[in-house]
Amino acid sequence: MNEKKETFEYKDFGVNIDEGNALVDSIKPIVKNTFTQNVLGGLGGFSGCFRMPSGFSNPILCAATDGVGSKLTLATQYNMLDNIGIDLVAMCANDLICDFARPLFFLDYYATHKITKEDSVKIIKSIANGCLIAKCSLIGGESAEMPSVYNNGVFDLAGFCVGIAEESDIKRRETISNGDVLIAISSSGFHSNGYSLLRGIIEKKSINVFERLNERTIIEELLLPTRIYVEHFLAIMKHIKGLAHITGGGLCENLIRILNDNNIARIDKRSIEILDIFKVFMPYVEDSELFRVFNMGVGMVVVADKNFVDSVISDIGKCGSKAYVIGHIESGNRQVILE
């Protein structure tokens, strides 16, 4: 008599296909809420399809990809996942607008030890919320359950965004010249950079993250989502020459990316309005390292002709963010001077 053959199922090794399918069914209405008239088809196909928008003379497609990084660890540790997807969208969309591109659509990759419907829906809903703020459509993504790769409770997020720009607009930074003004747009906090350093300081110095700082606790301030600047960009794009997203590398390493060979960007460090949450950690980091790792309260830097400064600051204010002058452009060998 033949012995009964031992067989296995995927879920015997930690992967539950039914749970993954249930997740897709749960998020369909959430994702559909981000669709514009240019989205073709729906969620569940082999790819996301998007119709090219009209109204452009010489359109160029731009793409950006990023993740959230170790900010995820804090969000998981304190079970504060409601906004983490906004960070993911922000890190991509904010890069796109620096090339004068309007975000069109976004795709995410969510990989985890185990898919749990409650947490997964929360995360993907926050990605959809980020897409709504960035005025783009969430047209697809991938949720992967990989217990052999990720430890229990661990997950990662990555994504990419595609936008559209006029070729002439992309070249606008070539007009940056002596006398132009540097305008800071305030950040919401640390955004999504420097969290390995922040977590290390919290642990080494036993910082009480539940201590109140103004209207929020320290941990609530740390997990505020990255500000998305698409609305700001659309409001000021006609009056600006350049836009720099201040992420890892700080003001100097990001602003230099939009300068010409004969541009010096001179910034008055005293003019920067440092947010209170930064001041909690400033005693433990050298000044040079602070401005290299963190945005220090500046989420974007705008380069504008001096004749448009007042209107740019006013229009940014109407979008709910503070803007103020932090420096100017001079002629010279390409560099950023923070003094």
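Two strands count as paired when DSSP finds at least two bridges between them; strands (E, at least two residues) and helices (H or I, at least four) are DSSP runs, numbered from the N terminus. The model here is predicted, so local features need pLDDT of at least 70 and side-chain atom pairs count only at pLDDT 80 or more, while totals for chains, interfaces and linings use all residues. Residues are numbered from 1 along each chain as its sequence is written, and side-chain values use heavy atoms, with hydrogens and water left out.

Ten bridges tie β6 to β4 (residues 102-112) in the antiparallel sense, with Phe105 standing opposite Val162. Strand β3 (residues 59-67) also runs antiparallel to β6, through nine bridges, and there Ala64 has Cys161 as its bridge partner. Nine of the twelve β6 residues are buried, that is, under 20% relative accessible area with a 1.4 Å probe and protein chains only (exposed is over 50%, partly exposed in between).

Next come the nonpolar cores, sets of buried Ala, Val, Leu, Ile, Met, Phe, Trp, Tyr and Cys residues joined through side-chain atoms within 4.5 Å. The largest has 95 residues, and Phe106, Leu157, Leu222 and Phe281 touch the most other members. Helix α3 (residues 84-97) gives the largest share, nine residues. A second, separate core of eight residues includes Val39, Ile139, Val162 and Ile164.

Then there is helix α12 (residues 309-318), where Val309, Val312, Asp315 and Ile316 are buried. Exposed Asp310 and Lys318 sit on the face turned away from that buried side.
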